[in-house]
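Subject: Structure for you to look through

Hello,

Please open the structure below and keep it beside you while you read. My notes on it follow.

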Amino acid sequence: MSLGHALLGLLEDRPRHGYELKRLYDDRFGGSQSVKFGQIYTTLARLRRDDMIDIAAVESGGGPDRKLYLITPTGVADLERWLLEPEQPAMYARKVLFTKVVLALMSGRPAHEILDAQRTAHLTRMRELTERKRSGDLTDALACDFELFHLEADLRWIELAGDRVERLRADLTTSRG
Amino acid sequence: MQQADPNGSRPAGDALIRATDLHKRFRASVALQGLSLEIRGGEVVAVLGPSGSGKSTLLLCLAGIIAPDSGEVAYRGRTLGGLSDTALTRLRRDEFGFVFQFGQLVPELTAIDNVALPLRLAGLKGRDAEARARSWLERLDVLDVADKRAGDMSGGEAQRVAVARALVTGPRALFADEPTGSLDSLNGEMVMDLLVSAARDNGTTVVLVTHEARIAAYADREIVIRDGKLAPVPVPA
Amino acid sequence: MTSLRLLGLGIKLSIAGGRTVIIRLVLMSIGLATGVTLLLGALSVPPALSAYDLREGVRYGTVDPGAHGVSNATLRWWLGTTFEGRQVLPIAVEAVGQAPVPAGIPRLPVAGEIFASPALASLLSSSDGELLRPRVPGRIVGTIAPEGLLEPDELVAYVGASPDLHIPRIWEPEAVTSFAPADRGQGSPVDLGAIVLLCVTVVAVLLPIAMFVLTAIRLSASTREARFAAVRLAGGTQTQVRVLAAAETAIAAVLCVVLSVPLFLLARPAGNAILSAVAGHPSFPSDFSPPVPAVIALLLVVPVFAVGVAVLSMRRVIVSPLGIVRHAARVRRGWFWPAALVVGFLGLLLSSVGRDALLELSSPIPGVVIGAALLLILVGLAGTAQWLGWLGSRVIARLRPWPSVLIGARRLEAEPTSANRVVMSVAVLMALAAVAEGIFLSATTYHSIPPGVAALGSDEVVAHAYGNGDENAEAWRSLESLPGVRSLEVSSRLPDGGSCRRSCVAIVRTDGRPETVERIRNAVGWSGEVRTAEEVRKDSSSDEPARMVQLLELGMLLVLLVTAANLLVSTVDGMMERRRPLAVLSAIGVPTSVIRRSVLFQVALPLAAALTLGMSTGLVVTGLVFRIAKEPPVFPVAPLLLTGAAAAATVLLVTMTALPWVRIVRRPEFLRSE
């Protein structure tokens, strides 16, 4: 469930309001579409039911957007588990991968660990595809190549993203130092 | 040539190539810091890593072209460090094949000269060597450049000629450093296909250095190098 | 980008070029400096020769033809003799009135006094000179200063005239009125031989220098190309890049000019020695200096020349921002050279066939025709030899040879220039050597020694008396009693065929010791001449051809060495340029020995072509030249083969010093792609 985990990730840092969560999600993960309020609130409710988040405070006159949500230890554990688990390479789950990697990078986890883990998973799938391409016919080759190139693109982006974050971190430490 | 080893090496278990705790340092930089690995016969292994990670150096050490500062490389049970320069040269001539990213053909020689060269060095007569070379050029679809000089052909053609040269002696181990680096995708695919076929059909062990995942996907497994050390294999959850 | 900033960028790039740039600068400087030094040496020859003439003039002075009745003059008798193979020249002098003093001494010696040259002074005072003292009696009161000498180690003395000298009465002295050199008009006629020598040296030296500069410029061509392309990328034009290239060379040229002056001073004694050997007489090192205006001109011209060569070499090169575009198509005009060769031969052949008709024409024409034919032959030879070498490599490469031969042949085919230089020099040198040795051989066989001289035993001495037969007979008898004299035979025929009054010649058989000869000389005194058999033989032949041949061979050796050094540099540079393919070859299992053999082959094949073609052409030319001169042809096959072997050995030896580089160049570090 990517939206739920994304929200957990956003809450890992500090507690946030509902509207803040929506804004942040749209900014970072929304892409061209913004997520519907309803979806956010449904997900938040589910997370509460699953004991991943809790309500820290309520502002007066508040609907769900006015509530201040915080993450629970269960939530932290679940988030951690999800972040460390490489995403199964699926053609149309780009967004999940993106979310996961960004969260992991922003949270300070070492970039190359994330990359190595994801690469192993990707490569297993890519090996299957390569084998099928070699022994198959033209249509097989076309389809396999399509996915192969996208998978490779994923890995290259992860590497670049990691480099960027590392560079930024290094700059911050030196300017602070 | 894949003949019985005249020197009768000790049985080495499954590992064809075994590297133990390799360290290598160049003037300013450290290339390898305590790297160990094992490659079995017939495997296709991809060595992945960012640029500067030491993958090329590792390849050159495994092939006996560079000697590590410390640690040892064993091929079929024999330590490469203990061999004389002549013995190493002969080993590379008879049992290894090499493909580099660029600039590997002798520019003055024609394609057919280049491919026939290892055969001639191994003692084959001119006519036979040329015939064999020609058949390999044909397999790689570069027969039409057979009489062209290496400097006069395109990058893709030159690379395929280089692969032909690497495979013409039927080597036991083939070392490739970014073999598809200067090729377009289709040519690159043809080259990779050939390398994998050589492995499957003839039992050639292929050690392939690359930074592209798509190329690494042709291998049976991958080794990731970072900063001269092996990156730990992540344990699946 | 302004020109100045561009120049700055270019210079910065070339300085940052590191080791290769420095090596190239050094090589260019060495090559240029050597050439300039050689040229300075050549320029010193005419002054040295004319200085000698001047000294001769000073010594001879002005002689009054009417010797009697002069009031103020120095009377002079030339008393030359030989002592143990060396020329000794006592000059007896007597003052008449206010007599002029010869150069180098403070005053004229009186009877019993001697002013001797340093060498003679030390000889006379040592025990070795004991047997000479009877002929040069007197007390040494001083030495002759250098300005009074012709050669540094000359054995000359001014002796005060006295009866002790036993000068025959019939000898009339010369009356010297002054020791300033006689005004002989323009001085001695221009020494043609020296001028020819100068011209040959200039051409022979300029050519290898030019080639050396070319090689040095081409060094590390790829980095140079990259540098120029970078300048183009930064906005420079084609012309500006050419200026840059010229500037680089100019720096080297200036450096070399600075180097060459001390180099010349160091090399001056050697140059003087060579000149002495060739001219037949030693000369003073201080006389061996080039005229100052010529020096200044040379030091200014050479940098311009070097820069000119650099600019010329860039003429056909187009530098684009992407790198050097291959030079404008160089058509391989293979047929041109053999054609020239054939035309030249035809010319010579016609000259030899129609020689009578030719020689009847007014004087310059035969010389011009023959000269032009010879020139065509030499030029055609050079071109044909190089073309042959290239052709040979092509043919051999296609014969499926061994790897070392294949690599060498293909490399020759692809890049023939450096081999060409060797080929051209060797071919031309072989042809010249053939002609020279032919002339020398014919000269020695032509000049047959007179039978009388040939018959002289090595222990025999020929004494020739100047006076009447009757006086001589007694003198000969007194000789018989000298220690060491075995027998004596009196005759009236000289061994070299001349005759004289009866009993004027005695052939004395000695015990072979030099002291005996000197005793005989002392006994005969000034009334006659005593020569050993060896001296008689030397006098009846001339060693002029031998000296010319020696000079030519020395010149050839020098040119060969320069060319070989050139070859070495370009071979090593070629290897460095091909570092990567060579390293790859090492990786795939090609042993170093194969590469080494290919380098040798690259030199050996053109060398063989040059030698065979050069030698055969030379022999044919020799034959034709003799026919033109209406002499029976002499073919110096054996000496020519020897010369060829020596040339081949030199070139191959120099090439072998390049071989260790092969191992160095094949370092696998060049294989890393990161």
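Helix 5 of chain B is mostly covered, with 11 of its 13 residues buried. A residue counts as buried if 20 or more other C-beta atoms lie within 10 Å of its own, as exposed if there are 12 or fewer, and as partly exposed in between, with C-beta atoms placed from the backbone. Helices (H or I, at least four residues) and strands (E, at least two) are DSSP runs, numbered from the N terminus.

Before going further, note that this is a predicted model: local features need pLDDT of at least 70, side-chain atom pairs count only at pLDDT 80 or more, and totals for chains, interfaces and linings use all residues. Residues are numbered from 1 along each chain as its sequence is written, while chains are lettered from A and ligands numbered from 1 in the order in which they are written.

Helix 5 and its surroundings

The buried residues of helix 5 of chain B include Glu157(B), Arg160(B), Val163(B) and Leu167(B). They pack against strand 6 (96–99), helix 3, helix 4, strand 7 (173–177) and helix 6 of chain B. From its first C-alpha to its last, helix 5 of chain B reaches 18 Å, close to the 18 Å expected at 1.5 Å a residue; the expected span is 1.5 Å times one less than the number of residues.

How does helix 5 (residues 155–167) of chain B pack with helix 6 (residues 185–202) of chain B? The angle is about 5 degrees and the axes are 10 Å apart. Axes are lines fitted to C-alpha atoms, for helices over the stretch in contact, and angles run from 0 to 180 degrees between N-to-C directions.

On the helix 5 side of chain B, Gly156(B), Gln159(B), Arg160(B), Val163(B) and Leu167(B) meet Asn187(B), Val191(B), Leu194(B) and Ala198(B) of helix 6 of chain B. Residues are in contact if their C-beta atoms, placed from the backbone, lie within 7 Å. By class, this contact has 5 nonpolar, 3 polar and 1 charged residues. Ala, Val, Leu, Ile, Met, Phe, Trp, Tyr, Cys and Pro count as nonpolar, Asp, Glu, Lys and Arg as charged, and the others, Gly among them, as polar.

Chain B as a whole has 7 helices and 10 strands, and buried residues make up 52% of its 237 residues.

Where chain B touches its partners

The contact between chains B and C involves 32 residues of chain B and 21 residues of chain C. Helix 1 (55–62), helix 2 (85–95), helix 3 (111–121) and helix 4 (126–139) of chain B each supply at least two residues of the chain B side. That side has 12 nonpolar, 10 polar and 10 charged residues.

The contact with chain A takes 13 residues from chain B and 16 residues from chain A. On chain B, helix 7 (213–216) and strand 9 (221–226) each supply at least two residues. The chain B side divides into 8 nonpolar, no polar and 5 charged residues.

Leu148(A) sits in helix 7 (residues 138–176) of chain A. Leaving aside its neighbours within four places in sequence, Leu148(A) is in contact with Met126(A), Leu129(A), Arg214(B) and Ala217(B). Leu148(A) is buried, with 20 other C-beta atoms within 10 Å.

A sheet in chain C

Chain C has 21 helices and 14 strands, and 37% of its 674 residues are buried. In chain C, 4 strands form an open antiparallel sheet in the order 12-13-11-14. Strands pair if DSSP finds at least two bridges between them. Strand 12 (485–491) and strand 14 (528–532) of chain C stand at the edges with a single partner strand each, so one side of each is left without a neighbour in the sheet. The twist averages 20 degrees from one strand to the next.

Strand 12 of chain C is joined to strand 13 (residues 505–510) of chain C by 6 bridges, and Val485(C) has Thr510(C) as its bridge partner. Strand 11 and strand 14 of chain C pair over 5 bridges; here His464(C) is partnered with Glu529(C).

Regards

Methods
Two residues are in contact if their C-beta atoms, placed from the backbone, lie within 7 Å.
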